[in-house]
Amino acid sequence: MYIKRNIGWGLILRYVWKNVIFFTLYSISIFSIYHFLEWKFISIPFQPLSVIGIAVAFYIGFKNSQSYDRFWEARKIWGGIINYSRTWGNQVLCLVEDDKKTKQVLIYRHIAWINALRIQLRQPNSFSLKENATLEKLFEKHGEQKPPCDATKHFISEKEYTDLTQRKNPATHIIKNQGLHLKQLLEEGKITEFDKQLFHNILEEFYNLQGKCERIKNTPFPRQYAYFSTLFTWIFILLLPFGLLNIFENELNEMNHDIKQWFILLMVPLSVLISWFFSTMEKIGSNSEDPFEGRANDVPMTALCKTIEIDLRDMLDETNLPEKEKPKDNILY
């Protein structure tokens, strides 16, 4: 999640520099062919092009709206994970009639669960967005797109960790282990049947929240919207310079000789600017489709996990608490 109020131009250029270079060279080529080779037949009326532009803008708007809904739903899910994590810690401390070690095991195992879930959600899949090499290099430097799978190792026993490495869905089995531990505590008389039911209600909610995250992660944004939004945008961008030729030609005929040549030069930056507007709007939607990929605009799961860890360990009256996650290049992961 980018946290600076205004997006720095350094990050913007990482996203757009290739497109801007292409738009510039493409526009220069079209305008040069038209004006210097006098291929007047390549111009097209701007009116139908404006209709295409309006249609593309509506299509991009719909895509961006639905993409943002996916991001916001993901953020609300992790907000629920934070709230129920605090509830879990409070219930463990208040209801479990045992030594501090047992309470620590239950709370630490939960910290292991949120980290296991984070790691699973960050793994790339077949429809993950591929950025240009400049951006991928930045994200790889930060090391959050593919976090190390041993992030749970410090919160559970070695035997339990070894078992989890053999599982297809470690987060699911961590919750299962919590349930088995509660069963043991009930048999030992450390909790009552009513307490056990309260705990299982929280575990059920953790499964619900995990399932919601997995639904977003494993369900790609409908490709008919994602693909054709990109296709229509690029068709409009490629046709745009041809549509601007007539407009500038008509204006040129009404101008005096002194500024005529300077006015011709405005064709290229205007075409590049409009192309950049549309390509950026389309790119914004694409970057919000999958909110768990560890990119600049995704849900900051690492920071949220660290917040939960700090809160729960503070409930245990521990003093060696970790620091809050700090942003890297203004990106909070």
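1. Thr-134 is partly exposed, at a relative accessible area of 26%. The model is a predicted one, and this value is computed from it. Thr-134 belongs to helix H4, which covers residues 133–142.

2. What does Thr-134 touch, leaving aside its neighbours within four places in sequence? The contacts of Thr-134 are Arg-14 and Trp-17. The C-alpha atom of Thr-134 is also separated by 8.1 Å from that of Tyr-15, although these two residues are 119 residues apart along the chain.

3. How many disulfides does the structure hold? The count is zero. For Cys-305, the closest cysteine sulfur is that of Cys-213, and the two sulfurs are 10 Å apart, which is too far for a bond. The cut-off used for a disulfide is a pair of cysteine sulfur atoms within 2.5 Å.

4. Is Cys-305 buried or exposed? Cys-305 is buried, because its relative accessibility is 2%, and buried means under 20%. Cys-305 is listed among the buried residues of helix H11, together with Met-301, Thr-302, Ala-303, Leu-304, Ile-308, Glu-309, Ile-310, Leu-312 and Arg-313. Note that the list includes Glu-309 and Arg-313.

5. The cover over the buried residues of H11 includes helix H2 (46–95) and helix H3 (100–122).

6. The length of H11 can be checked. H11 has 15 residues (301–315) and at 1.5 Å a residue should span 21 Å; the C-alpha atoms at its ends are 21 Å apart, so the two values agree.

7. After H11 comes Asp-317, which has a positive phi, near 65 degrees.

Notes: Residues numbered from 1 in each chain as written. Predicted model: local features only at pLDDT ≥ 70, side-chain atom pairs only at ≥ 80, totals over all residues. Heavy atoms only, no water. Buried < 20%, exposed > 50% of the residue type's maximum accessible area, 1.4 Å probe, protein only. Helix = DSSP H or I, 4+ residues; strand = E, 2+ residues; numbered from the N terminus. Expected span 1.5 Å × (residues − 1). Contact = heavy atoms within 4.5 Å.
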